[in-house]
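Student: I have a structure to read and some terms to check. Can we go through them one by one?

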Amino acid sequence: MFELTKLTNSSDRQAVATLTISSDLQAVATRRSKWILGIFAGLALVMGMLSSTLFDKVQGGGYSDPGGEASRATEILRDTFGAAPPNFVLLVRTDGSVDDPESASAAVELAQTLKDEPSVAGVTSYWMDKSPALRSDDGKSGLIVASILGEEGDVDQRVGGLADRYGGAHGPVEVRVGGYAMLLHETVKQSEKDAVVGESIAFPITLIALLFVFGGLVAASLPLVVAAVTVMITMGALYLITLVTDLAATATNVATLLGLGLAIDYSLLIISRYRDELAAGAQTGPAVAATMRSAGRTVAFSAVTVAVAISGLLFFPLLAVRSIGYAGLAVAVIAATVSLTVLPAILRLLGSRIDRGQLGWFFRPQRPAPGEGFWHRLAVFVMRKPMPIGLAVTAFLLLLGTPFLGVKLGFPDERALPESMNNRQITEIIQRDFAATDTNGLFVVLPDGKSGLDAYARKLSEVDNVGRVDTATGSYAHGGQLAPPMTQHAHFETQDAAYLSVTPDTSDPGLLDRVAKDLRAVPAPSPALVGGIAAASADSLDAVTSALPLALAYVVIVMLIVLFLLTGSVVLPLVAIVLSALSLTATFGALVWIFQDGHLSGLLDFTVTGDLPPTVPVMLFGVAFGLAMDYQVFLLSRILEEYERTGKNEAAVAHGLEKIGRIVTAAAVLISLVFLGFLASDITFMKSFGIGLPLAVLVDATLVRGFLLPAVMKLLGDWNWWAPGPLEKLHERFGFDEGPSGPALPDLDDLRRPARV
């Protein structure tokens, strides 16, 4: 034996100098690992504490276009007339008749007390106005209708207190609280409940699945640790976002489950690569370094692609859609940051102990020999007949998407809530037992003048399905005047402006949409703005369709740039985008087949409305397309690594899929299990995430990545990696490259040990 004590040449000296620096950095990194864990533990605790009041800051709804005609009409109605559309209803029930003196006295007192509430206007009731529309058919119930003033967030804060004070027994009458404001309030409460239930379902199921993937408790628990830190920080970040802008309640559900899913996906990739480095003989420090150069780089790019796809939602003016964009951006950045800091720190401290806690052969994943794995064999099989296989899979996916050709768009109403929810029950009672009421009302604002008001009101009252029009000149129906102007009509005008209240004689959502459209078509004596829920829905639909082309263009262009920086090719980014979009066809077809047409409604427990909210496919596209590109980056990064090593296209595809296919499949299954937590929601359009996202992810990870990607890359051959000369130089200068991989360097302590000869 002898000891290596002398350096024979400059290259040896350089090698040891490099190892010395590497070892010193590893020692510092190991010491700093505890600091990193401490910092993020404290940050998670602080952000978790902040998020405890998050649901007091978010608001329901968010489906109206703030720049639309209906929103402008609402602002003028509030600022000029101190009024608002009816959004608060008290259903007053008595055992006898609503006209009994004792019941009537209690109801009048309730209405008067409500009228004296701050920020409450336009209080009307059966007992004050004697309107038959406000009296039930059996004579045992009556309505008190009012308007809560303020922005949606302000209204949501106020309606909770009003519901507590006015709901329940009041002498001889029983009061139940409903209305559009209460609908939004209950949506927030339901979202808070759904977030907790979704997490409680996702965590244990995911842990069991991780045990099958890793075969040991230690390795399986690490993704959940990263996920818990990610979710806590994300929820705190959402709280901070509410301090500078409004945020819809549905964003919390998406942030919770998407954060959990992305953190697990990123952890899965990093841990698997780290274990591969250990299995190849690398020591802890070099293994972590090699993992971060490869898998860490992939995670960073994956997070960018998810962020780009979801940030496209910020182009839409609807708060519900933009809120998903805010939440998705925060989740992508935070999940990647935690995965690239906390997880490497834990790995440095654990070292080879990551494989402790093995649970036996049943849980231990089997690693096939090179060239013998399922994904390698599948890739070779597909590349033997790429054209027929590619065409068959494409045709199958397009067939699954055909139901989307019959999509009917409409915004959600009370039927999106569970049948057990109070506001839905009240709405259904009103629709069943009452004639048309002001709760479905529309209004028309004339902000620039009130000349010709009488003639204009008569024309509006002639519109189909309009029961009554009230304004400063009296009340109208079917082109004639029902009542001359009286005291209760005075608030419909100011010195320079006027507005008209339009009460439809129907509660059918489709007919209400038609009424709003017809009212806008009636010639007005001066510029008129039509508002109300039905009018706002029409504006929102226009806003979504108008913003869609710009959002898609942004996502595609930025995604092409990001993927070019990753691959150096102009062909592969186009392939990636087309294949990722194709993977969504089954999702969109399923949305229509299940949620619009009503298949599986009994199994999934929701009410069929015959339409689909336009925000659902838009939000699903942003999230699902981001996840599809996420897996695309996983695969292309490993295929690119093999291509740079071998220079052979087919070998790179086969070996790349062999090495990453199992991980991508496991990631897809895990994140699908997480997204199934959306099915626990009692809000119908949130259930659509529980079907749409898992379906998109599984189709992408199996049919697209297993069949279409190898087929297309085989057909393109070396053209996969082509770029024009100027762009090649651009990529050489600005592209991302982890540098030569090569074998991991040994620890300096190993070099200093006596070498055996």
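Student: What makes β4 and strand β5 (residues 173-178) a pair?

Tutor: This is a predicted model, in which local features need pLDDT of at least 70, side-chain atom pairs count only at pLDDT 80 or more, and totals for chains, interfaces and linings use all residues. Residues are numbered from 1 along each chain as its sequence is written, and side-chain values use heavy atoms, without hydrogens and water. Two strands (DSSP runs of E, at least two residues) pair if DSSP finds at least two bridges between them. β4 and β5 have three bridges, in the antiparallel sense, so they meet the definition. Within β5, V175 stands opposite G168.

Student: Why are β2 (120-125) and β4 (168-170) said to stand at the edges?

Tutor: The open sheet has the order β2-β3-β1-β5-β4, with antiparallel pairing. β2 and β4 each have a single partner strand, so one side of each lacks a neighbour in the sheet.

Student: Why is α22 called largely enclosed?

Tutor: Buried means under 20% relative accessible area, exposed over 50%, partly exposed in between (1.4 Å probe, protein chains only). In α22, 24 of the 33 residues are buried, so the rest of the structure largely encloses this helix. A helix here is a DSSP run of H or I, at least four residues.

Student: How do you know that D65 has no salt bridge?

Tutor: A salt bridge needs a side-chain nitrogen of Lys or Arg within 4 Å of a carboxyl oxygen of Asp or Glu. For D65, which is buried, the nearest side chain of opposite charge is R72, 7.0 Å away. Lys and Arg count as positive, Asp and Glu as negative; His and the chain ends are not counted.
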